[in-house]
Amino acid sequence: MQYGFFDDDRREYVITRPDTPLPWINYLGTDGYFGIISNTAGGYSFYRDARLRRLTRYRYNGVPTDAGGRYLYLRDRRDGHFWSPTWQPTRTDLDEYQCRHGLGYTTIRSRHRDIEATVRFFVPIDQNLEVWDLSLLNAGEETARLSVFSAVEFALWDAWDDATNFQRNLSTGEVEVVDGIVYHKTEYRERRNHFAFFACSEPLVGFDSQRDEFLGRYHGWDRPAAVERGESGNSIAHGWAPIGSHHVAVSLEPGERRRILFALGYHENPSDRKFDPPDSQAIDRTTVTPVIASFLDPGHVDEAFQALEDRWSRYLGVLQVDTPDVHTNRMVNIWNAYQCMVTFNLSRSASYFESGVGRGMGFRDTNQDLLGFVHMVPDRARERILDVAATQLETGGAYHQYQPLTKRGNDAVGGNFNDDPLWIVLAVAAYVAETGDFAILDEPVVFDNRPGTEAPLFEHLDRSIQYTLDRLGPHGLPLIGRADWNDCLNLNTFSDEPGESFQTTTNRDGKVAESVFIAGLFVLAAAEMAQLAHRIAANEIARRCEQAAEGMAAAVARHGWDGAWFLRAYDHFGNAVGSHDDSEGQIFIEPQGMNVMAGIGIGDGRARQALSSVHERLATDHGIAILEPPFTRYRLELGEITTYPPGYKENGGIFCHTNPWVMIAETMIGSGDRAHDYYLRINPSARAEQSAIHRCEPYVYAQMIAGPAAPSHGEAKNSWLSGTAAWNYVAITQWILGIRPTLDGLRLQPVIPADWDGFRAIRRYRGATYHIEVRRRGRGNNVSLLVDGVPIEGTLVPAAAGGEVQVEVVLE
Ligand code: BGC
Ligand code: NOJ
């Protein structure tokens, strides 16, 4: 069962029926103004912070699903029949329907009663607004007389307060309507300097700004009274629920087209220029009206859209591949890269599953996301690294999260996750490998946002390494703290209070529970750190890191091996977790992937053995499960992981983030076939035919696919905002296709399936463009390199001064 298809030439996914198993969403905006938009125009918008600057309302987990959106109604004035050209909210049967999700825009086209309506939603670059570009075509034989109604429901800024504090907020709503533009200005009278606006390019026959006036008593968005009667109420909201709605009358001769533009946006005024006249309460519109006018101008809107397309072509142009596998091509060339940029912009804040009120930017999440977007926006990656590093604590530890608006660490959402600081080492190494910008290591960066505490970024990294070394347990393995990458493995929490948060509740001191996963991560990070240190002649630090990595690898070999796979941890009592000795949770995926990635066990056969245990015990047709067998009952000493019913999330789900670690590990032991096989099992495009089972969008990764123990094995959840995006991108591009930026330059070391005869790629890297052609001569992974026709020893392409470089790779 499929609900659409890929249009790769246009870089779009085309949805062909509105009733997808779940709302299939897309993102608008790349700078400060963002929105999520579903295939039926559901979703909401916000400025920078999905909680604190929410522009429009959305009702999560309501019925019918996907309520709240960017609504349009067309009403036939002959008989009063009306419908929504985007299907929601009226859900009228449409004669044709198509939604095209593209890069930063969504176009929905439909046909009903011979009226073809196309509406394209997008956010112009560097603008704090979204454009709804509606075209109507009369494809019938008779003159059509239509009313067009628009509707958005404003949120009163703080989305949490908006959904909870009704004793106040049902009295605070305020608007102004001037020249047909609805200005939403709740709390502008007091401490806010910002307001929202909703404007239309056409003369209006009416408007509304009070929700209940527009909808009528006990009506929903599917049947607004104003649309039913064909007449707006010209209402001015005072308290209750402010909305914006325009009413435009249109007459279309057969074959005639009409374009109507709407602009919905956010604007700030300087605090001393809020009102005009200054002693009034009326918004000073001096700076906003020119912006609005320019985006109600069709020519300008067309240019803005083209600029958006060009920007995406530039981003995606950094790496384009042509392999024998269509799923690889379209994910690498379009959708996976796009998803990585969305995680850069949104972290974990706003999706169909993330309500925008919960989380800031995760320390580990942000650093891992960076691995997937650094090549597209290196300058912004640099800025992001410095922002994140400035939240680091002097101990080398990290706040688990920081707030995007203030860029400050936030303790209220939990801390003491002992893996956190190590990820920044990987992020910085990836940034330098991409750019060659070693100077970033010298950048002075504060600790905990406190002026006067500046130290070079390099020292921050050194403290990350030291943080682990200062916290070793009885087996010489890293203490886990609250949890490691697996947020739900809470070995010191012992929570027995209903509803208590595992992320924030008081922990035991934690001098015993250790993580074999952090040990692997440490070995990897310490090796990267040593390489960085060598390059800036910090030889003493390099040596220290190398020694520490060796020591840690030895501790893993001694105390982290269960016989056929790596142990997961030791709990608070010193008992092994992830061992065949236990009845449940015998094998976990994370230490298998991470330890092999760190090179542990490659020389002595353990890596191979661990990976074959993964294959036997964890691999399913829908991806590799996180652990096996899942826990069937709550275990106080293991924490949140055992709160999930078997097969879901961290308790035996296919936690997609971890799968690429195993793919990378497989390439490290030379198994291109297995690595790519695993890659395809969770590749959303390759799963598109099973959409009825998978249910989430077929163009982006989801955090989780239900594991074999779940009744809905194969069903995805939590699409879009997941470290899965970055790691899959890294696994396929850098390890399977083997186009890998390193500190010394571009390395080419493909480990591809044996039956591929090769592939081609174009990679822009440090100012040069590499045209790469890989050809198979034998079935192995041995690389011979020709650069501009000249044979080169090894796998490293010598740095080019710029221009075009031809690289041939022969695999034998
Ligand atoms: C989820 C984790 C997530 C954590 C932090 C848990 O409930 O299962 O996947 O990392 O919350 O928000
Ligand atoms: C999602 C969180 O955002 C991430 O930080 C964590 O590593 C995974 N869940 C696994 O628990």
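Predicted model: local features only at pLDDT ≥ 70, side-chain atom pairs only at ≥ 80, totals over all residues.
**Ligand 2**

I listed the residues around ligand 2 and found Arg348, Arg359, Arg364, Asp365, Trp485, Asn486, Asp487, Glu650, Phe655 and Gln703. By class, I noted six charged, two polar and two nonpolar residues in this shell. I then looked up polar contacts made by oxygen atoms of ligand 2. For the side chain of Asp365, I read 2.6 Å to an N or O atom. A polar backbone atom of Trp485 lies 2.5 Å from a ligand oxygen, and for a polar backbone atom of Asp487 the distance is 3.0 Å. Ligand 2 taken alone exposes 300 Å², of which the protein buries 93%.

**Ligand 1**

Around ligand 1, I found Arg359, Asp487, Cys488, Gln503, Glu640, Tyr644, Lys649, Glu650, Phe655 and Gln703. I counted this shell as five charged, three nonpolar and two polar residues. Oxygen atoms of ligand 1 lie 2.7 Å from an N or O atom in the side chain of Asp487, 3.1 Å from a polar side-chain atom of Lys649 and 2.6 Å from one of Glu650. Taken alone, ligand 1 exposes 310 Å², and the protein buries 79% of that.

**Helix α11**

I checked the length of α11, residues 457–469: at 1.5 Å a residue, its 13 residues should span 18 Å, and the end C-alpha atoms are 19 Å apart, which agrees. I recorded its buried residues as Leu457, Phe458, His460, Leu461, Asp462, Ser464, Ile465, Tyr467 and Thr468. Their cover includes helices α9, α10, α12 and α13 and strands β24 and β25.

Terms used
Residues numbered from 1 in each chain as written. Chains lettered and ligands numbered in written order. Heavy atoms only, no water. Helix = DSSP H or I, 4+ residues; strand = E, 2+ residues; numbered from the N terminus. Expected span 1.5 Å × (residues − 1). Buried < 20%, exposed > 50% of the residue type's maximum accessible area, 1.4 Å probe, protein only. Contact = heavy atoms within 4.5 Å. Near = heavy atom within 4 Å. Polar contact = N/O pair within 3.5 Å; in protein donor to acceptor, adjacent residues only side chain to side chain. Areas by Shrake-Rupley, 256 points an atom, 1.4 Å probe, with all protein chains shown as cover. Nonpolar A, V, L, I, M, F, W, Y, C, P; charged D, E, K, R; others polar.
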